[in-house]
Amino acid sequence: METTMMSPINIHDFILKSYTEAKTLPDVIEVIFGEEHVLSTNEYGQQKCPSLTYPFAASQLYEVPIKESKLLLEANPEEKINKSITELTLNIENTGVISWQPGDTIAILPCNPKKDVESLLYCLDLSDKADTKCQIQVNPSCTKKTAKVPAHIPAASTPRELLRDCVNIRGVLKKQLLSSLANFCSDNDEKSFLKCLSSKEGVSFYNDLIMNKGFNLLDILETCHTCRPPLALLIEHLPRLLPRPYSIANSPLENPKEIQIIFSTLNNHRPGVATSFLMEKTKEEYPKILMYLREANTFRYSEEMFGKNQILIAVGTALAPFLGFLQHKEHLSKQETNVAGQTWLFAGAINEQAILHREQLLQWQKENILNKFVESYSRSSSADHHHHYVQDALAQNADSFVEMLLNPDTILYLCADGGEISKSIEECFVHILQEKLQISAVEAGQMLKDFKTQGKYRIDVWL
């Protein structure tokens, strides 16, 4: 079977001489197979759960076709470009009225990759029963008073549907589940490996393999060949497969019947669940996805913002919502008699080709829709390239940045990875305020906090 496993490990390197076994999980639910074999359907498993809620939902679920898929940047290892960037256009014409503003987000309900699901069915000896109807219910022998079937697991389903739509088969494995998996290994070394991995003494093993290297269920089953856990154990204790959020990258004034999103795909053996799903969908003849509109927050650009100034800061595909901002401003400029506010953009990417829709940004700059455009390239060798990172660009423009920021009509927007990148950019803000206003780092940090409270500093970050 073709899989997306990590590099093999030697389990004997993770077996301790003595250890304290973690508790195993009780048998709370059971799966009862019938005899009816059904054709695999496109119905999404979680839709069969009537009491299930979706995070931050501001609309019902809609099934929408993918109108167009456009490759904006192709991965090229020779040029050290390890990501491809794709833009999807979704046709929302038949959804009724969906009201949104640039900066809002949608959520897409993904499926686990087909080859991963097939591999898991094979490892569980369920290939022949993949599309056999089954009932999921509380185990009658379970003594737990609060026992119930997880809300995201339908009462009737098939193994394929459960593993494809309902549980995150690449989710983080908890220690108790690892300890329980050990009981379904017929090989003693494999059993000891899983027991040690989940033990108190094996915390460094767990952190290394599970937390840092992302060793997941498929890796465990590929490594422990004799491990044959029941389906009931997995669907009860693997985390729910959750919707994935995407920023809307266009304006409803451009076309209210279309929504565009932009995402990147790592050029490695294990892309993300949602990106794998979207790439699989684009290869289908009539691709459709399930989506909903997420609750709006202050990270948006609307008609009321037209006369205000914006400082936009983005790294990589985080530029996506700002494309919608600028497109919206362009259309409002043709309608409004009021004077438009200034819009500055500090954008960072690995090179010039990785700046999303760069030609359009330059055109907006010529038309004074975008009043200042500063680019930073982390891997460019261009002679006229002055900035390595966005932080360098901000530092070089510190005087004008502070002057613009302190204008009462200016709003600062940051869209970036919620890890080290956004943290580093925010530290840069603090340093610039500290230096230019001659205040302490504590005072500069408090100023940023106050800006957030006042809605003057708005962030959209992800992990």
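Student: Which residues have the most contacts inside the largest nonpolar core?

Tutor: A nonpolar core is a set of buried Ala, Val, Leu, Ile, Met, Phe, Trp, Tyr and Cys residues joined through side-chain atoms within 4.5 Å, where buried means under 20% relative accessible area with a 1.4 Å probe, protein chains only. Here the largest such core has 49 residues, and those with the most contacts inside it are Leu163, Leu178, Leu181, Phe193, Leu194, Ile220 and Ile235. A second, separate core of 34 residues includes Ala318, Ala349, Tyr377 and Ile411.

Tutor: This is a predicted model, in which local features need pLDDT of at least 70 and side-chain atom pairs count only at pLDDT 80 or more, while totals for chains, interfaces and linings use all residues. Residues are numbered from 1 along each chain as its sequence is written, and side-chain values use heavy atoms, with hydrogens and water left out.

Student: Why is helix 8 described as largely enclosed?

Tutor: Seven of the ten residues of helix 8 (residues 273-282) are buried, so the rest of the structure largely encloses it; among them are Phe277, Leu278 and Lys281.

Student: How many disulfides are found?

Tutor: A disulfide is a pair of cysteine sulfur atoms within 2.5 Å, and a search of the whole structure finds zero. The sulfur of Cys196 is too far for a bond, because the closest cysteine sulfur, in Cys224, is 11 Å away.

Methods. Buried means under 20% relative accessible area, exposed over 50%, partly exposed in between (1.4 Å probe, protein chains only). Helices (H or I, at least four residues) and strands (E, at least two) are DSSP runs, numbered from the N terminus.
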